[in-house]
Amino acid sequence: MKKNQGKKAALIALSSVLTATVMAGCSSDSAKEGGTSPQSGTSSSTSEYPRAFSYWVELDGDSAISMKSFSENAAYKEMEKITGTKVDFKHPTGGGTQVLEQFNLMVASRNLTDVIQTNWFNVARGPQNAIDEGTIIRLNDLIDKHAPNFKKYLAEHPEVASMIKTDKGDIYAFPFIRGDNKIKVYYGPVIRKDWLDKLGLEAPTTINEWEKVLVAFRDKDPNGNGKNDEIPFLLEVSTVRNDLLNAMIGAWGILDKFYQKDGKIYYGEMQPEFKDFLTTMQRWYKDGLIDKDFAAVDGKLKDAKTSNNQLGVLYGFSSGTIGKFTDLMKDTVPGFKMAALPHPTLREGDTPAAGMISPTYPGEHSVAISTAAKEPEKIVKWLDYAYGPEGHMLFNFGIKGQSYDIVNGKPAYTDTIKSNPNKLTFKQAQAQYMRSHYGGPFVQDVESFLQQMKYQEQFDSLEIWSKAKNQLQLPLMTLTADESKKLASIMNDINTFSDEMIVKFIMGTEPIDNFPQYVDKLKKFGIEEAIKIQQTAFDRYSKR
């Protein structure tokens with residue numbers, strides 16, 4: 001991060017008025033697409049926007065393939081033409097904990113950029129504390145006065161207005177919003193459908209049916225190479241302990257971490273159902289139904305096992321797994337077919353208690369304005385553009401005539417995105433023109449998601465995976481600074497301990513009979529206090 005990061009590049013100066021021909025062109029495009037002026041019918045001048053500001057945001061992997069900065073992205077180039085604003089993007093290096101370390105250093109040094117994009121729920125002591133300590137500013141009044149598009153959206157979606165506020169009622173960021181229920185479900189169990197067909201098996205729905213199918217994959221050589229090299233099921237530790245993905249544990253009617261039932265908070269790993277889950281997984285591992293390397297599998301190894309025609313069942317994505325491997329394998333493995341499985345249940349005919357579902361407001365990709373910003377009202381105006389009709393099209397689809405056209409009244413990606421001449425993947429091509437492949441402060445359009453689908457099995461997966469009750473999940477709740485600090489301290493110890501112990505239970509190096517001692521250790525780490533903190537926060541959220 002450069003030394004002068006966070007300082008304004010120049011004083012704000014008056015800019016020339018946009019020409020009438022430019023405004024006429026914008027109005028014409030808006031009329032064709034059924035929209036209105038981004039400024040609600042008022043004339044716009046570049047003086048309404050900042051001359052320049054700095055923007056801290058992680059450069060995602062698909063973007064990094066072809067660009068060094070978001071300043072090269074076509075949507076942001078177009079924004080500069082429209083607003084006259086020069087954005088100085090500051091991208092942290094590396095990923096994961098490295099990004100968090102750089103964020104913490106920026107905050108601690110007070111060398112703040114004008115805007116900061118991150119998941120503010122993951123920031124130490126939460127978004128309210130970031131406001132109270134003077135890192136970012138409260139946005140309520142600025143949105144009311146200077147963000148007509150976003151203000152209109154919140155009025156039409158009061159549930160979202162509640163989600164993006166702290167318990168004090170403070171709006172702290174411009175959010176990334178999933179604009180349709182179909183966008184919220186994109187991950188679940190995937191099976192080699194061609195293997196099922198070859199062995200004359202039906203798609204399993206219960207845990208017992210899963211076990212029978214996995215045994216057949218182990219014993220009956222479905223890949224046809226005459227070797228006993230099939231891996232029936234890849235269980236990933238990250239899906240065992242992830243309250244967003246809610247992988248297999250939902251079959252037992254609980255979630256792995258915190259969940260609620262009838263307004264009461266529970267911790268899944270203390271429940272007897274979790275012991276039953278571990279007992280089943282230990283038996284599957286012992287019987288060779290789970291990949292022996294499951295505890296060490298990363299994305300590259302997972303891809304290698306799948307593309308080597310070995311893996312029968314895994315958890316994956318509609319686009320990044322079903323679509324990706326169908327493209328990759330259809331020419332090398334005749335009849336290759338992947339299909340989604342419903343989330344398993346214990347009893348036939350039951351509806352799964354939980355599956356993967358993303359919240360309407362997932363928390364990630366949210367943009368706050370820091371206290372370093374000299375003219376926050378103009379930055380609010382700039383950010384508001386993305387929530388209007390023209391900005392919506394720009395950030396979801398890019399440049400009309402280049403990355404998309406209007407076909408039968410709907411935006412449709414061109415071959416620049418679908419069959420990129422430079423051999424970029426769909427998402428890598430999207431990354432050059434828009435932000436909908438990843439996220440940002442705008443409302444994601446369902447069409448930008450559905451057009452990633454090429455095969456019927458991908459469309460089917462959205463329907464199959466969505467059939468879950470999903471009533472156990474907690475909403476995104478804001479904690480007080482003290483609650484956040486205490487909860488983080490407790491859960492850091494618990495998560496480290498649990499990650500290790502769950503692997504030991506599944507591999508059989510820790511006897512299942514020791515589960516009561518495991519629960520006792522969770523209590524010694526303070527899990528009961530953590531449950532009380534979550535209960536208090538949930539009660540506050542419920543009263544909003």
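Mentor: Buried means under 20% relative accessible area, exposed over 50%, and partly exposed in between (1.4 Å probe, protein chains only). The model is predicted, so local features need pLDDT of at least 70, side-chain atom pairs need 80 or more, and totals for chains, interfaces and linings use all residues. Residues are numbered from 1 along each chain as its sequence is written, and side-chain values use heavy atoms, without hydrogens and water.

Trainee: How many bridges join strand 3 to strand 11?

Mentor: Two strands pair if DSSP finds at least two bridges between them. Strand 3 also pairs with strand 1 (residues 52–56), in parallel, through two bridges. There, Tyr-55 stands opposite Val-115. Strand 11 (residues 366–369) runs antiparallel to strand 3, and the bridges number four.

Trainee: In strand 11, what is the bridge partner of Thr-118?

Mentor: Thr-118 belongs to the buried residues of strand 3. In strand 11, its bridge partner is Ser-366.

Trainee: In strand 9, what is the bridge partner of Val-190?

Mentor: Strand 5 (residues 187–192) and strand 9 (residues 311–317) run antiparallel. Five bridges join them. Val-190 is paired with Leu-314.

Trainee: Which helices each supply at least two residues of its lining?

Mentor: Lining residues have an atom within 4 Å of a point. Here they are Tyr-76, Met-79, Trp-382, Leu-383, Ala-386, Phe-395 and Pro-441. The helices in question are helix 3 (74–83) and helix 15 (376–384).

Trainee: How many residues of that lining are nonpolar?

Mentor: Ala, Val, Leu, Ile, Met, Phe, Trp, Tyr, Cys and Pro count as nonpolar, Asp, Glu, Lys and Arg as charged, and the others, Gly among them, as polar. The lining has no polar and no charged residues. The nonpolar count is seven.

Trainee: Charges next. How many salt bridges does the count come to?

Mentor: Side chains of opposite charge can pair when their charged atoms come close. A salt bridge is a side-chain nitrogen of Lys or Arg within 4 Å of a carboxyl oxygen of Asp or Glu. By this rule the count is 26.

Trainee: Take Lys-152. Is it buried or exposed?

Mentor: Lys-152 meets Glu-156 in a salt bridge (2.8 Å, N to O). Both lie in helix 7 (residues 148–156), four residues apart, about one turn of the helix. Glu-156 is partly exposed, at 47%. Because its relative accessibility is 52%, Lys-152 counts as exposed.

Trainee: What is the relative accessibility of Glu-500?

Mentor: Glu-500 meets Lys-504 in a salt bridge (3.0 Å, N to O). Helix 21 (residues 481–507) holds both, four residues apart. Lys-504 is partly exposed at 28%. Glu-500 is also classed as partly exposed, at 44%.

Trainee: Which residues do salt bridges that share partners join into one network?

Mentor: Shared partners link several salt bridges here. The network consists of Asp-291, Lys-292, Asp-293 and Lys-305.

Trainee: What is the relative accessible area of Arg-218?

Mentor: Arg-218 and Asp-219 meet in a salt bridge (2.7 Å, N to O). Asp-219 is partly exposed at 48%. Arg-218 is partly exposed too, at 24%.

Trainee: Last, backbone angles. What is the phi of Asp-262?

Mentor: Asp-262 is in the loop between strand 7 (258–261) and strand 8 (264–267). At 78% relative accessibility it counts as exposed. It is not a glycine, yet its phi is positive, about 55°.

Trainee: And what is the phi of Lys-423?

Mentor: Lys-423 lies in the loop between helix 17 (415–418) and helix 18 (426–433). It is exposed, at 74%. Lys-423 is not a glycine either, and its positive phi is about 65°.

Methods. 1 Å grid on protein atoms, 1.4 Å probe; cavity = no way out; pocket = protein on both sides within 12 Å on 5 of 7 lines; lining within 4 Å.
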